[in-house]
Amino acid sequence: MINKIYVEMKNFIKENYLVLLFGIVFMATILYPLPYYIYTGGGTINVKDKIHIENKETKGDFNLCYVEQINANIPTFLLSKLLSNWDSVSKEEVSLNDKEDIKDIYKRDKIYLEEANQNAIFVAYKKAGKSVNILDKHLYIIYLEEDSDTDLKIGDDILEIDGSKIDSLADISKILDSYEVGSKLNIKVKRNGKEMMKYAIVHEKDDRKLIGIALTSIYDYEVDPKITFTFSNSESGPSGGFMVTLAIYNQLIDNDISNGLKIAGTGTIDIEGNVGSIGGVKYKLKGAVDSKSDIFLVPAGENYEEAIKYKKKYHYDIKIIGISTFEEAIEKLESMK
């Protein structure tokens, strides 16, 4: 029986090999990845599914908006030229320089997510009058210049330079002032949980001594009540920070500032509570509309103006509110009672 099936398959392939070959080549061609990303309307994620605060019941309905990113192939690239809510962006535009690859971009976005979450903790707990204390501080590398001469990597946490402890960007500048251009610095970093020694060569640019890195500061906090995050590996970036801050604050206070509404939004948050602009407003607004949100909170200024433009263009039935600070958001939500 097996031999008979084998013979029949062999004969079929022999008789139809040209058709089969064409089909294989055709599928491989249309599915071959192109050097583009396709951006389109995403959706919303209920923040209460991502944060868990000890001994606190979940309240409110705050949702962060995300953009759907697709690795382009021929069919999706062609669709991006036909559909108004699909846009193609070259991968070169997403990376900051030619030295970066997709892993570097991913690491930077994960750092931005951690920074946004830690800023959200500080701002929300302080506003709610809860205990928040600094436990540790990290200086993560988020960018390497193309002309940097170093074996440092994006995501490294800088600890020491030539035996001197580093606590701030100012510490690095002071150390560099004492070295000649061309000097080799021994830099202790933490990478993937392990301490190791790396190097960087001092160079000069615009009359400044540099080692060709950009850093961001992130704090670890001890808070009461305790909080944990459950973001997935595929979730990254800073644009959910504002909504995470609102959701945390809403769980720390007695009343519910969501007023029973489904509130979606976007925007970064810094440690001072300022709400920063983001990209992809039109996609995030569409996600909020598709998920039947009542309100879309968006950074004031260009982001707000863009959201209003697309609301009018597509006749979206949603209330859009421009926000500059976390304090302003609280005031506007409380005034809606």
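The largest nonpolar core here has 39 residues. Tyr 125, Met 243, Leu 246, Ile 248 and Leu 297 have the most contacts inside this core. The model is predicted. A search of the whole structure finds 7 salt bridges.

**Nonpolar cores**

- Helix 6 supplies the largest share, 8 residues.
- Leu 297 touches Phe 242, Met 243 and Leu 246, among others, not counting residues up to four places away in sequence. Its partners also include Ile 263, Ile 321 and Ile 323.
- Another core, of 18 residues, lies apart from the largest one. Among its members are Ile 161, Ile 175, Ala 200 and Ile 211.

- Lys 127 pairs with Glu 327, and their closest N and O atoms are 2.9 Å apart.
- Lys 127 lies in helix 4 and Glu 327 in helix 9, so this pair ties together parts 200 residues apart in sequence.
- Lys 127 is partly exposed at 33% relative accessible area. Glu 327 is partly exposed too, at 41%.

**A buried pair**

- Arg 191 forms a salt bridge with Asp 156, with closest N and O atoms 2.7 Å apart.
- Arg 191 sits in strand 8 and Asp 156 in the loop between strand 5 and strand 6, so the bridge joins parts 35 residues apart in sequence.
- Arg 191 is buried at 14% relative accessible area, and Asp 156 is buried at 1%.

- Lys 188 in strand 8 and Glu 160 in strand 6 are 28 residues apart. Their closest N and O atoms are 3.9 Å apart.
- Shared partners join Glu 160, Lys 188 and Glu 195 into one salt-bridge network.

How values were computed. Residues are numbered from 1 along each chain as its sequence is written. This is a predicted model: local features need pLDDT of at least 70, side-chain atom pairs count only at pLDDT 80 or more; totals for chains, interfaces and linings use all residues. Side-chain values use heavy atoms; hydrogens and water are left out. A nonpolar core is a set of buried Ala, Val, Leu, Ile, Met, Phe, Trp, Tyr and Cys residues joined through side-chain atoms within 4.5 Å. Buried means under 20% relative accessible area, exposed over 50%, partly exposed in between (1.4 Å probe, protein chains only). Helices (H or I, at least four residues) and strands (E, at least two) are DSSP runs, numbered from the N terminus. Contact means heavy atoms within 4.5 Å. A salt bridge is a side-chain nitrogen of Lys or Arg within 4 Å of a carboxyl oxygen of Asp or Glu.
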